Amino acid sequence: MSIASVHEIGERYERVRHEVGAGATVVVATKYVSVDEMAALVEAGIEAVGENRAQDLERKHAVYGDAFRWHFIGHLQSNKVKVVNDVCELVHSLSSDSAARRLTVPALLEVNLSGEASKSGVLPEEIAGFVERYPFITGLMTMPPLAGDPEASRPYFRRLRELAAEHGLPALSMGTSQDYRVAVEEGATLIRVGEMLFRRTQG
């Protein structure tokens, strides 16, 4: 896809940052942004980016390096952990022992609260075991079911906040372009937005 102008991206980014306030970090999801288009994000003043694929993370980091703080937000396979260790300050999507045993950077445990087979994540009852085994886990992440109404995500965000509190975990990665406002109301410390920043205006 071809993304919006630097000016549009910068304006939208600042609007989101203003909305969420100082309590939440805006992580810009760059799954559909090409290596060349990443230059527009540098110009727009974006600070933290999240990649879904280790191969893309490696290619983009090779070009832009310290221009961004790098996060990994996709499904983490154990054979891709080395790339993540070398580049990222935080993993949002840890969901297996095999990946955890290789990680050397802070991570959030992905929790599958919807029970959807298509989604990664551990079950709520598995959180305690991971937290005991891996002290680098600093919080939780979840992806609620897709819904047209942002309010449909609220019960999932609230439950994640409750689980994090039970286990003494301060970080909460939840909320995307369609429901980040609800996520922040429920205590998100990190939100992941992409489409709303990059969408081109018609005309």
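## Salt bridges, pocket and buried residues

Arg17 counts as partly exposed, at 31% relative accessibility. Here, buried means under 20% relative accessible area, exposed over 50%, and partly exposed in between (1.4 Å probe, protein chains only). The model is predicted: local features need pLDDT of at least 70, side-chain atom pairs count only at pLDDT 80 or more, and totals for chains, interfaces and linings use all residues. Residues are numbered from 1 along each chain as its sequence is written, and side-chain values use heavy atoms, with hydrogens and water left out.

### Exercise A: a link along the chain

**Solution.** 
- Start with the bond type. The side chains of Arg17 and Glu47 meet in a salt bridge, with N to O at 3.2 Å. The criterion is a side-chain nitrogen of Lys or Arg within 4 Å of a carboxyl oxygen of Asp or Glu.
- Helices (H or I, at least four residues) and strands (E, at least two) are DSSP runs, numbered from the N terminus.
- Check the surroundings. Glu47 is partly exposed because its relative accessibility is 37%. Arg17, at 31%, is also partly exposed.
- Set the count. The structure holds 19 salt bridges.

**Task.** Decide whether Glu51 and Lys60 are buried or exposed.

**Solution.** 
- Locate Glu51. It lies in strand β2.
- Take its accessibility. Glu51 has 0% relative accessibility, so it counts as buried.
- Glu51 forms a salt bridge with Lys60, and the closest N and O atoms are 2.5 Å apart.
- Conclude. Both Glu51 and Lys60 are buried.
- List the surroundings. Leaving aside neighbours within four places in sequence, Glu51 is in contact (heavy atoms within 4.5 Å) with Thr30, Lys31, Asp56, Leu57, Lys60, His71, Phe72, Ile73 and Gly74.

**Solution.** 
- Begin with one pair. The side chains of Arg154 and Glu151 form a salt bridge at 2.7 Å, N to O.
- Arg154 is buried because its relative accessibility is 16%. Glu151 is at 40%, so it counts as partly exposed.

### Exercise D: the largest pocket

**Task.** Work out which residues lie nearest the centre of the largest pocket.

**Solution.** 
- A pocket is an open set of points on a 1 Å grid over the protein atoms alone, where a 1.4 Å probe fits, with protein on both sides within 12 Å along at least five of seven lines; lining residues have an atom within 4 Å of a point.
- Read the volume. It is about 910 Å³, the space filled by probe spheres set on the points.
- Read the lining. It has 37 residues, with Ala29, Lys31, Asn52, Met143 and Thr176 nearest the centre.
- Follow Thr176. It lies in the loop between β7 (171-173) and α8 (180-185). At 15% relative accessibility, Thr176 counts as buried. Beyond four places in sequence, Thr176 touches Met143, Arg192 and Val193.

### Exercise E: leucines and a loop glutamate

**Task.** Find which residues Leu197 touches, not counting those up to four places away in sequence.

**Solution.** 
- Locate it. Leu197 is in helix α9, and its 0% relative accessibility means it counts as buried.
- List the contacts. Leu197 touches Ala4, Ile9, Arg12, Tyr13, Val16, Val28 and Ile46.
- Check a C-alpha distance. Leu197 and Arg15 are 182 residues apart in sequence and 10.0 Å apart in space.

**Task.** Find how far apart the C-alpha atoms of Leu94 and Arg159 are.

**Solution.** 
- Locate Leu94. It is in strand β4 (residues 90-94) and, at 0% relative accessibility, is buried.
- Read the distance. The C-alpha atoms are 18 Å apart, for 65 residues along the chain.
- Name the contacts of Leu94. Outside four places in sequence, they are Ala99, Ala100, Leu103, Ala107, Leu108, Leu109, Glu110, Phe136 and Ile137.

**Task.** State where Glu37 is placed.

**Solution.** 
- Glu37 is in the loop between β1 (25-29) and α2.
- Check burial. Its relative accessible area is 17%, so Glu37 is buried.
- Glu37 and Ile3 are 34 residues apart in sequence and 7.5 Å apart, C-alpha to C-alpha.
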